[in-house]
Amino acid sequence: NRIPSISWPALLTAWLHASIISAFQPSNNHNIDPQWMMGDVHHHHRHRNHHFNGRGKQHHGHCQPLFYAATKDTTIIESNKKYLFDTIGLEHDEIQEIDETTHILTLNADILRQRANWLTDRLQLNDDEIKKIIRSQPHILGRTNLAPKIDWLQHRLQLDDDSLRKIIVSAPHIIPCSIEDNIEPTLEWLQSRLNLDDDALRKMIVRQPYTLGCSVHENLEPTLDWVQRRLDLDDDAISKMVRTYPQIMHLSIESNLVIKIEWLQQRLDMDDGGDDDDYFYSDGEDDDDVSLQRVSKMIQRFPGILGLSIDDNLEPKMEWIQNRFSMTEEALSEFILKFPSILSCNVEKNLSPTLDFYIDALGGDEQRALSLLQSNPTLFAYSLDKRLQPRLEEAREVGVAVDASVLRRMGQNSDDLWYAFLIRNRLL
């Protein structure tokens, strides 16, 4: 029997039609086999251990990519607009901007809803979180590789589900970034540049996920190189600084770092130096070198100072401290160097009430309280509600005479040491 001739155009048309129709159907399982990824990316990382070690769920099973399916049907477009307004909660001007800058409103019926629901389910998002993601990156609902990219990120950083959600919600702009061209090279550079193990890398990205969307050569590398040279840091010191305050990688050199470091040198009058080894002073050194070394020491102790505003934060707090303690410039400089993170404290909610607490604890003797805190500025760091006030009550209950040494114990002692101290005094 003769085999009937095949119409190849008709066969191709039928195949494409069946593929597109099947792609519209959402998977019954949002999970994905780790093998189902872009071949070059998975092959590049075949040596990595992709087990979660209890941090999150491993995802198995096949997940079809959600293909972009466009329509010119105005009824469907209006339905998509209504969905974004009624269900997601976007404003009309936001929807209009989406219409002008993306094509997601042309997705065929119910595809937009299915993709938003899939993302919500996969990341366990609440209403505000899915709204934030779509408002920031609406075009992700038109992408075909959400599942493999999200799963790859979770495997690569060994993230639990809560950390994965935090990263995506905080920095949804990383979703469109290429794994091969952007995300993985950035992660590898960070590990090499800062000598980070996988655990330290994960903690850094969870704290500052924005880093994954930044260019290494245009942003991260020049900023870290400049900070390391300017503050004369070795590799261990710059690594510790960035791990403590990863936001430093995103500060502008010209409009932030240069200005702030010079301002700190001038404002704290650090050219005076002194001869304390802790402040890097030695005879024969240039005053500018001594000044910069002391600023470097302060920034290493509290790198977050570089992220604080001069006008709105640093200057008002330094003025309050200097005026309240009647300090000279030199005394202020020494005070800040001892405890630079005091500049992150709120004057009205923290510094002023804490000072009042110590004055009251010393029977209203303001000068003794000021002298105690000027010598021990870290006493400002302890919580009034959780540590200082309860311990003051406990000391008074057992008849302890509260003086400066007892107040230091209140702040600095662990619970074991504090209660051992109370027991000894109760037995006397």
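**Where two helices meet**

Reply: Leu-355, Tyr-358 and Ile-359 in α17 are in contact (heavy atoms within 4.5 Å) with Glu-366, Ala-369, Leu-370, Leu-372 and Leu-373 in α18. Of the residues in this contact, seven are nonpolar, none is polar and one is charged, where Ala, Val, Leu, Ile, Met, Phe, Trp, Tyr, Cys and Pro count as nonpolar, Asp, Glu, Lys and Arg as charged, and the others, Gly among them, as polar. The model is a predicted one, in which local features need pLDDT of at least 70 and side-chain atom pairs count only at pLDDT 80 or more, while totals for chains, interfaces and linings use all residues. Residues are numbered from 1 along each chain as its sequence is written, and side-chain values use heavy atoms, with hydrogens and water left out.

Helix α17 covers residues 347–361 and helix α18 residues 366–375, and their axes, which are lines fitted to C-alpha atoms over the stretch in contact, come within 8 Å and cross at roughly 125°, on a scale from 0 to 180 degrees between N-to-C directions. The two helices are therefore oblique to each other, a word for angles that are not under 35 degrees (roughly parallel), over 145 (roughly antiparallel) or 65 to 115 (roughly perpendicular). Their crossing is right-handed, meaning that the near helix is turned clockwise from the far one by less than a right angle.

As for the whole, the protein has 21 helices and zero strands, these being DSSP runs of H or I with at least four residues and of E with at least two, respectively.
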